[in-house]
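Here is a short briefing on one protein structure. Look at the sequence and the model first, then work through the points.

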Amino acid sequence: MAPKTERIQFLRAVRQLHRVRSFYAVGALFWAGSAVWTGWQAPGSRQMWVCVLLLAVFTGLLVTAVLSLRRLAVPTTGRPVHHAASRKTASVRHAHA
């Protein structure tokens with residue numbers, strides 16, 4: 001049972017990394033926009049540098065998440081993974097006379 005449990009935990013970790021990567025990407029876009037807007041309104045201000053700092057933090061976290069996902073890439077088996085029961089009808093076996 002251990003390999004199946006490890007596989008499920010691995011897939012959960014990959015799914016969580018996908019969610020975190022999306023969050024970091026949105027955060028990086030937000031702080032990039034904020035840095036540009038603040039730089040336009042008050043160039044060189046403290047608020048602009050805070051936005052640039054937070055942009056650098058979110059970009060670093062995004063790069064870390066992307067690299068982790070590449071390292072944990074799920075190997076392709078060439079066939080889709082089905083978690084539900086098969087849709088094929090069960091064949092009735094008859095005894096030959």
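**Overview**

In this predicted model, 68% of the contacts between residues at least 6 apart in sequence join residues at least 24 apart. The protein has two helices and zero strands. Of its 97 residues, 16% are buried.

**Surface**

- The protein exposes about 8600 Å².
- Carbon and sulfur atoms supply 65% of that area.

**Helix α2**

- Helix α2 covers residues 46-71, which is 26 residues.
- The buried residues of α2 are Met48, Cys51, Phe58, Ala65, Ser68 and Leu69.

**Nonpolar core**

- The largest nonpolar core has ten residues.
- Its members are Val14, Leu17, Tyr24, Ala28, Trp31, Ala35, Cys51, Phe58, Ala65 and Leu69.
- Helices α1 and α2 each supply at least two residues of this core.
- Which helix gives the largest share of this core? That is α1, with six residues.
- Ala65 is one of the core residues. Leaving aside neighbours within four places in sequence, Ala65 is in contact with Leu17, Arg21 and Tyr24.

**Aromatic pairs**

- A pair of aromatic rings is described by the distance of the centres and the angle of the planes.
- A search of the whole structure finds four aromatic pairs.
- One of the pairs joins Phe23 and Tyr24. Their ring centres are 6.0 Å apart, with 55° between the planes, and the pair is tilted.
- Is Phe23 buried or exposed? Phe23 has 53% relative accessibility, and exposed means over 50%, so Phe23 counts as exposed.
- Tyr24 has a relative accessible area of 19%, and buried means under 20%, so Tyr24 is buried.
- Tyr24 also pairs with Phe58. This pair is edge-to-face, at 6.2 Å centre to centre and 75° between the planes.
- Tyr24 lies in helix α1 (residues 2-41) and Phe58 in helix α2, so the pair ties together parts that are 34 residues apart in sequence.
- Phe58 has 16% relative accessibility, so Phe58 counts as buried under the 20% cut-off.
- Ring pairs link Phe23, Tyr24 and Phe58 into a cluster.

**Putting it together**

- Tyr24 and Phe58 both belong to the largest nonpolar core, and these two residues also form an edge-to-face pair.

Definitions and conventions
Residues numbered from 1 in each chain as written. Predicted model: local features only at pLDDT ≥ 70, side-chain atom pairs only at ≥ 80, totals over all residues. Heavy atoms only, no water. Helix = DSSP H or I, 4+ residues; strand = E, 2+ residues; numbered from the N terminus. Buried < 20%, exposed > 50% of the residue type's maximum accessible area, 1.4 Å probe, protein only. Contact = heavy atoms within 4.5 Å. Areas by Shrake-Rupley, 256 points an atom, 1.4 Å probe, with all protein chains shown as cover. Expected span 1.5 Å × (residues − 1). Phe/Tyr/Trp six-rings, centres within 6.5 Å; stacked < 30°, edge-to-face > 60°. Core = buried A, V, L, I, M, F, W, Y, C linked by side-chain atoms within 4.5 Å.
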